[in-house]
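The sequence and the model are shown first.

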Amino acid sequence: MPILITILVLEFHIPDYQPGHLLAALLAQWPLILSYVFSYFYVGTLWLFHHDYFNMLQRIDRNVNMLNLLMLFSITLLDYPMSLVADALTTGNRQDMQTAFIVYDLVALFISATFYFMYAYLHHHQDLKKPGISMAFYAAIKFDPVRSVTIYGLAIVATFWSVWLGAILLAGGIIFHFLAYLRMSRQLEQAKGGTA
């Protein structure tokens, strides 16, 4: 995932500008910068989830590897909708923004679905997990991917009526991931017998 973050920043290019107007040209790139910041935050949060969750496993089987491959594939798709959103915001065309946000929502929904598949599989294969982690921990987090799928689904529906409401819900889904990660991290400390 660190490689993906590097790929995201490759979308930055020196803008075309007339001498003496570099600042205006840079300010005109705000859609790209905003899309990048949200995507970086999103990918970073997913990496934290992935890192901490896999540290709770004592062994990995072939199915976990296959699910992990699917999860990583879904995350690599983020660069494309990020670019679409940046471009659509730059042009300001409502129909293009609507399409770009929906594509981003669909990718985010797919990512959340892959996390759900992983959670569900590991919930039914307790032998893969470290013995010190309680069942209460897994019960507390197992529906987080379903909640985020719901947020992105609502964002898709909302975007048909209001692009900006859809954008707010999309941002809300990304922020939800971060808050869910913080909650998972605290619960993991408690499950391991640490301090919250």
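## Basis of the model

The model is predicted; local features require pLDDT of at least 70 and side-chain atom pairs count only at pLDDT 80 or more, whereas totals for chains, interfaces and linings use all residues. Residues are numbered from 1 along each chain as its sequence is written, and side-chain values use heavy atoms, with hydrogens and water left out.

## Overall architecture

The chain contains 9 helices and 0 strands, where helices (H or I, at least four residues) and strands (E, at least two) are DSSP runs numbered from the N terminus. Read from the N terminus, the order of elements is α-α-α-α-α-α-α-α-α.

Of the 196 residues, 44% count as buried; buried means under 20% relative accessible area, exposed over 50%, and partly exposed in between (1.4 Å probe, protein chains only). Among contacts (heavy atoms within 4.5 Å) with a separation of 6 or more, 77% join residues 24 or more positions apart.

## Packing of helix 5 on helix 6

Helix 5 (residues 79–91) and helix 6 (residues 94–123) pack at about 160° with their axes 8 Å apart. Axes are lines fitted to C-alpha atoms, for helices over the stretch in contact, and angles run from 0 to 180 degrees between N-to-C directions. The two helices are therefore roughly antiparallel; angles under 35 degrees count as roughly parallel, over 145 as roughly antiparallel, 65 to 115 as roughly perpendicular and the rest as oblique.

From helix 5, the contact draws on Pro81, Met82, Leu84, Val85, Ala88, Leu89 and Thr91, and from helix 6 on Asp96, Met97, Ala100, Phe101, Val103, Tyr104 and Val107. By class, these residues are 12 nonpolar, 1 polar and 1 charged. Here Ala, Val, Leu, Ile, Met, Phe, Trp, Tyr, Cys and Pro count as nonpolar, Asp, Glu, Lys and Arg as charged, and the others, Gly among them, as polar.

## Packing around helix 3

Helix 3 (residues 30–54) and helix 4 (residues 62–76) cross at roughly 170°, their axes coming within 12 Å; the pair is therefore roughly antiparallel. Leu46, His50 and Phe54 of helix 3 meet Val64, Asn68, Met71, Leu72 and Ile75 of helix 4, giving 6 nonpolar, 2 polar and no charged residues.

With helix 6, helix 3 forms an angle of about 5° at an axis separation of 13 Å, and these two helices are therefore roughly parallel. Ser39, Tyr42, Leu46, Phe49, Tyr53 and Phe54 of helix 3 touch Tyr104, Ala108, Ile111, Phe115, Met118, Tyr119 and Leu122 of helix 6. This contact comprises 12 nonpolar, 1 polar and no charged residues.

## Selected residues

Aspartate 144 belongs to helix 8 (residues 144–161) and is buried, at 5% relative accessible area. Beyond its neighbours within four places in sequence, aspartate 144 contacts Phe176, Ala180 and Arg183. Threonine 159, also in helix 8, is buried at 0%; with the neighbours within four places again set aside, its partners are Arg94, Gln98, Phe101, Ile102, Asp105 and Gly166.

Leucine 179 lies in helix 9 (residues 163–191) and is partly exposed, with a relative accessible area of 49%.
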